[in-house]
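User: Please show me how to read this model, one feature at a time.
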Amino acid sequence: MRNVYPIVPHCICYYHMKQNLKKEAPKCGDILQLYKLAAYSYKTKVCDKYLTDISNIHCRAFDYLVDVCVERWSLAYCPEKRYGFMTTNIAEAINSAAKEARKLPITALVEFLRDLMQKWFHDRRKAANKGSSILTDFALEHVKSNQEKSQLCVVQPIDYTKYVVKDNEGKVWTVDLESRTCTCHKFDLDMLPCAHAITVCRHTRVLKERLCSDYFTTQWLQTTYAPSIHQVPHPSSWVLPEHVWVLQIPLKVRCGSFEGEHNCKKDEGEYTVSEVLLKAFSSFSSLGTSAGTIFSLLTPHSERIPYVTVWDPLQ
Ligand SMILES: [Zn+2]
């Protein structure tokens with residue numbers, strides 16, 4: 001991961017970490033609850049408090065959480081923004097949609113994913129273009145919820161950008177409009193105004209939308225899904241360099257041309273082209289893809305491919 005994405009921190013999904021923690025501390029609901037509170041904490045001090053509670057109850061669970069590295073699963077300690085999103089829902093959605101297709105040869109899998117992206121981009125573009133407000137529905141809901149919490153807060157200005165906000169429990173917070181931060185850290189990490197920042201907005205008549213990250217605007221959402229995903233054109237129109245003429249399939253495949261297939265040697269664990277096709281047909285029949293499509297995917301230039309290259313990804 002570090003080699004492929006050197007500047008991206010490798011964070012861990014809250015849900016999957018929790019599943020691992022269940023094995024370290026079986027039948028220990030208190031630990032899971034404390035872990036959730038630690039993971040979702042906006043302040044490092046609060047996260048530390050819950051970690052200490054865990055260490056007092058279950059040393060092995062504590063060691064596991066620290067060994068994995070707190071920065072990878074904690075919202076407060078994450079070196080980059082998680083925007084409050086602690087689970088990998090996007091990756092899970094793709095994994096779930098491609099559950100059956102993952103059994104297919106790589107070219108068929110790539111075509112399946114392209115087809116999926118075409119549909120998702122179209123549906124989301126259509127939904128995004130219906131948006132008429134500055135913020136997305138998600139951001140509007142978030143701001144609305146914080147606006148309700150802000151009703152009983154009181155503001156005391158420090159200077160033109162910094163304000164002290166006292167909430168209904170008597171707690172005091174400092175909001176800085178210039179740096180878009182609040183001592184509750186929700187404004188900083190969510191990139192959307194917290195209840196205290198919204199209180200300042202009301203006091204100063206600054207628009208709440210001005211304090212939201214561009215990522216949460218309808219315009220940004222529309223731009224994200226603006227590109228169209230097209231069909232792969234007919235193989236006859238492809239312009240391919242010579243080295244691509246040799247097709248690589250991430251299965252143990254070795255054989256000659258279709259005409260000479262009966263002459264090829266087959267070892268254990270290897271498949272002939274016809275067997276690969278058979279596997280693809282059976283897998284794709286449940287996905288509603290035609291046999292003709294599979295054939296064109298696996299044999300884009302069958303007349304030019306003398307051999308299907310042996311490539312074992314495990315070696
Ligand atoms: Zn705040």
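User: How far apart are the end C-alpha atoms of residues 173–205, and what share of the span is helix or strand?

Analyst: Helices (H or I, at least four residues) and strands (E, at least two) are DSSP runs numbered from the N terminus; here the end C-alpha atoms lie 19 Å apart, and the span is 45% helix and 18% strand. The model is predicted, with local features needing pLDDT of at least 70 and side-chain atom pairs counting only at pLDDT 80 or more, while totals for chains, interfaces and linings use all residues. Residues are numbered from 1 along each chain as its sequence is written.

User: Which residues have the most contacts inside the largest nonpolar core?

Analyst: Nonpolar side chains tend to be buried together in soluble globular proteins. A nonpolar core joins buried Ala, Val, Leu, Ile, Met, Phe, Trp, Tyr and Cys through C-beta atoms within 7 Å, buried meaning 20 or more other C-beta atoms within 10 Å, exposed 12 or fewer, and partly exposed in between, with C-beta atoms placed from the backbone. The largest core has 21 residues, and those with the most contacts inside it are Ala139, Val175, Cys182, Cys194, Ala197, Val200 and Cys212. Helix α10 (195–204) is among the elements supplying at least two residues, and α10 gives the most, five. A second, separate core of 20 residues includes Met17 and Leu189.

User: Why does valine 68 count as partly exposed?

Analyst: Valine 68, in helix α4 (residues 59–68), counts as partly exposed because it has 14 C-beta neighbours inside 10 Å. Valine 68 and methionine 17 are 51 residues apart in sequence, yet their C-alpha atoms are 9.4 Å apart in space.
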